[in-house]
Amino acid sequence: MAHRVRQLLGSWGSGQRLSRPAVRRRATATVATALLVWLMPIAAFGADYFRQIHGDALYEPSVGQEGKDVIWVPTPDVLMQAMLDVVKIQPNDILYDLGSGDGKIVIGAAQRYGIKGVGIEYNPDLVLLAKRNSVRAAVSDKVTFIQGDIFKEDFGAATVLTLYLLPELNLKLKPIILAMRPGTRVVSNTFNMGTWSADTTIEVQGGRGYFWVVPAQVEGRWQLGDPDLKPAAELDIQQTFQMLSGRLLLNGESLSILSGRMRGEAIAFTYGTRTSRGDQARGTFQGTVRAGALTGTLSDQGVERPMAGRRIGQEP
Ligand SMILES: C[S@@+](CC[C@H](N)C(=O)[O-])C[C@H]1O[C@@H](n2cnc3c(N)ncnc32)[C@H](O)[C@@H]1O
């Protein structure tokens, strides 16, 4: 266990000097999260889960064995299905599993939905096992397994990303994921993404998963108008991950964005006034942000107007 703690501490990296109590606190947190990776399937399926044979005659990995940054524990079938359900797989999706273990998620998605998938796994024996498993599952033409480090390999082609790592690894991946194509769907077994709250939480038989859609970046000032861009309104948006706030200047009136959010390229907000007696909604905007252009419909006091928008001022 001490070795695992040292190894996981190493993953926080960067030669940062910590006081002894801070090291002890981090070590405790690491052991606790490593245990969670183990305990979640035990709680759901009992100790037999660990005795199941997951390998073949050439290689038999043991559940809980060391990995580069996190141990190997396969995602239980029932949670894997719930994770695949929540992302609503489409025929053209390309699924990447980061730390793909025996390949079960990539192979399962190819079998059930016929989609392409890529697994990135550091342990070369697990990579070879995943390849053999894909042959046995008759999906070797759809899937690829790469031996490599998830922090070095490129997974930018993914439209769906699956994770079963550790909280600090999710946090390290967060800026990379947020820079991916808007609309990329991300689902994580057990661990969340800190301040980036999930769009959906899934719960199954003792297990939990978190689901996000990478939001397009819309923070900044926009001029909104009829499709010929006759100025009609101005938007000043503040964005925290998928959540939006800010102001809408409409016919000289300054209104608040009362609730707003992104879901990939889709933008939706209500606007109105904030008073001491509460929010008074006056209208909604629903649209799409693609390639720096905003289009949608403004519904102001029941009157609908198609709108197009362009940025004014600098993108953040
Ligand atoms: C908890 S297991 C999850 C396996 C699989 N994704 C699943 O859900 O069944 C984590 C996997 O990540 C692998 N791993 C750990 N650190 C890694 C790294 N830096 N790069 C690639 N794989 C890594 C481990 O070997 C292990 O197979």
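This is a predicted model: local features need pLDDT of at least 70, side-chain atom pairs count only at pLDDT 80 or more; totals for chains, interfaces and linings use all residues.
Trainee: How many helices and strands does the protein have?
Mentor: Both kinds of element are DSSP runs numbered from the N terminus, with helices being H or I of at least four residues and strands being E of at least two. On that basis the protein has seven helices and 15 strands.

Trainee: In what order do the strands of the open sheet stand?
Mentor: Two strands pair if DSSP finds at least two bridges between them. Seven strands form the open sheet with mixed pairing, in the order E3-E2-E1-E4-E5-E7-E6.

Trainee: Why is one side of E3 and of E6 left without a neighbour in the sheet?
Mentor: The order of the open sheet is E3-E2-E1-E4-E5-E7-E6. Each of E3 and E6 has a single partner strand, so one side is left without a neighbour because both stand at the edges.

Trainee: Which residue is the bridge partner of Thr-162 in E5?
Mentor: Strand E4, residues 160-163, pairs with E5 in the parallel sense over four bridges. In E5, the partner of Thr-162 is Val-187.

Trainee: Does Ala-138 count as buried or exposed?
Mentor: Ala-138 is not a glycine, yet its phi is positive at about 60 degrees. Its place is the loop between helix H6 (124-136) and strand E3 (143-147). A residue is buried if 20 or more other C-beta atoms, placed from the backbone, lie within 10 Å of its own, exposed if 12 or fewer, and partly exposed in between. Because Ala-138 has 11 C-beta neighbours inside 10 Å, it counts as exposed.

Trainee: Does Thr-190 count as buried or exposed?
Mentor: Thr-190, also not a glycine, has a positive phi of about 75 degrees, and lies in the loop between strand E5 (185-189) and strand E6 (200-204). With 23 C-beta neighbours inside 10 Å, Thr-190 counts as buried.

Trainee: How many residues of the shell around the ligand are charged?
Mentor: The ligand is surrounded by 25 residues (C-beta atom, placed from the backbone, within 6 Å). Asp, Glu, Lys and Arg count as charged, Ala, Val, Leu, Ile, Met, Phe, Trp, Tyr, Cys and Pro as nonpolar, and the others, Gly among them, as polar. The shell holds 12 nonpolar and seven polar residues, and its charged residues number six.

Methods
Residues are numbered from 1 along each chain as its sequence is written.
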